[in-house]
Amino acid sequence: MFRLPRPMRFALMLAAALTGAQEALAEIAVTDITGREVTLEAPAERIVLGDGRHLVVLGMLEDDPVHRIVGWREAKALDPARLTAYTDAFPEIARIASVGAGNRQLSVESTIALAPDLVILSLIDAEDPQMQVPLAQLEAAGIPYVFVDFFTNPIANTTDSLTILGRLIGAEDRAAEFNAYYTEKRELIRARLADADPARPRVFVQVHASGARCCATVGAGVFDDVIREAGGDNLGREIVPGLMGTVGLENLVALDPDYFLATGGQHMRARGGLVLGAGVDPAEAAASFGTLLDSPGIADLRAVEEGHALAVWHLFNDSPIHIALIEYLAQTFHPELFADLDPEATMAEIQTRFSPVRVEGTWWYRAP
């Protein structure tokens, strides 16, 4: 049998080993937030966003987050003020195709037609039975998809989700930089609460707040995570099964919360509710909050009478920006522990250091 000379055999073995190493290096493998293994041959360059608002998250990872996005699901789009800011900075945003309109309705046909190399979805998609067929169709088409989470369990999953996305688009350093910033702020609050062990105020959250329709609220997850991290106790956790539910006005009055926390945004302008957040000036926020607090039943709450009524921007709920809201709530619930925090400065720093655009707005408001 013919045998190659030993030096030649060694050279071939070395070449094979190096080739294998290069292939391994070229491959990007992550474990997503549901425990699935996701592998890409190279950083994703053609992305479909299941939630359009995750453009803001990609903006934390690179200066131009738009160039990779070929499609998005419009139902979870940005609010008007931030969409305008991004469109002014990146006019090519107009070419992004729609791949669905409903909350969990993803047009697989439109998605496949865009030939993406990655579809980014939320944990809530993974848990929705309506998404099982679209996900199977993506699998059959050979299109990778990944689940991240800044909504359902934001405290547990934010840093891991940033790390996953950073890895998949080749922005690991930016992800690590934000995660260090976020973790330092969160750990400061955790440590002080652990040392002081203060009584936790009982908080009721009305989401998409309107005096005409009371009261949508949250159970475990979403704002519940944020309130607990800030040293409060979300009453919805005790009475609402799952992430979200509704509590009748008479039940809210009977709960007698220490704090009444309302969320709102520009989307509530058309509904006659609480208007707050990006692109909203303080006067409009105060006026709409005043109307809400004058509503029958809500006006009689002890929390309102004692000046413990808070309004916050609803869209803190699907972004790492929620770290600023945690600071605001911690300072409000426990002023003796957190007088040195500056959540306004945190919002400003996030927008200048970790975002390609800056939007002014009213992020929170406390009734006098």
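**Entry 1: the second largest pocket**

I sorted the lining of the second largest pocket and got six nonpolar, four polar and two charged residues. For this sorting, Ala, Val, Leu, Ile, Met, Phe, Trp, Tyr, Cys and Pro count as nonpolar, Asp, Glu, Lys and Arg as charged, and the others, Gly among them, as polar.

I note that this is a predicted model: local features need pLDDT of at least 70, side-chain atom pairs count only at pLDDT 80 or more, and totals for chains, interfaces and linings use all residues. Residues are numbered from 1 along each chain as its sequence is written, and side-chain values use heavy atoms, with hydrogens and water left out.

I listed the lining residues next: Q206, V207, H208, S210, A212, R213, C214, C215, A216, T246, M268 and R271. The space in this pocket comes to about 210 Å³. A pocket here is an open set of points on a 1 Å grid over the protein atoms alone, where a 1.4 Å probe fits, with protein on both sides within 12 Å along at least five of seven lines; lining residues have an atom within 4 Å of a point. The volume is the space filled by probe spheres set on the points, which are joined across faces, edges and corners.

Which two residues does a cis peptide bond join? I found C214 and C215, with omega about 5°. Both residues are in the pocket lining. C215 sits in the loop between β8 (202-206) and β9 (216-218). Helices (H or I, at least four residues) and strands (E, at least two) are DSSP runs, numbered from the N terminus.

I then looked up positive phi angles. V222 is not a glycine, yet its phi is about 55°. V222 lies in the loop between β9 and α9 (223-229). D256, also not a glycine, has phi near 50°. The loop holding D256 runs between α11 (249-255) and β12 (259-264).

Are these residues buried or exposed? V222 is buried, at 4% relative accessible area. D256 is partly exposed, at 30%. Buried means under 20%, exposed over 50%, partly exposed in between (1.4 Å probe, protein chains only).

**Entry 2: two domains**

I checked the domain assignment: domain 1 (28-169) and domain 2 (200-366). Such bounds come from an automatic or database assignment. The contact (heavy atoms within 4.5 Å) takes 27 residues from domain 1 and 24 residues from domain 2. Their C-alpha centres are 27 Å apart.

Together the domains bury about 2100 Å², 69% of it on carbon and sulfur atoms. This is the accessible area (1.4 Å probe) that two parts lose on being put together, summed over both. M60, F151 and I155 supply 30% of the area that domain 1 buries against domain 2, more than any other three residues.
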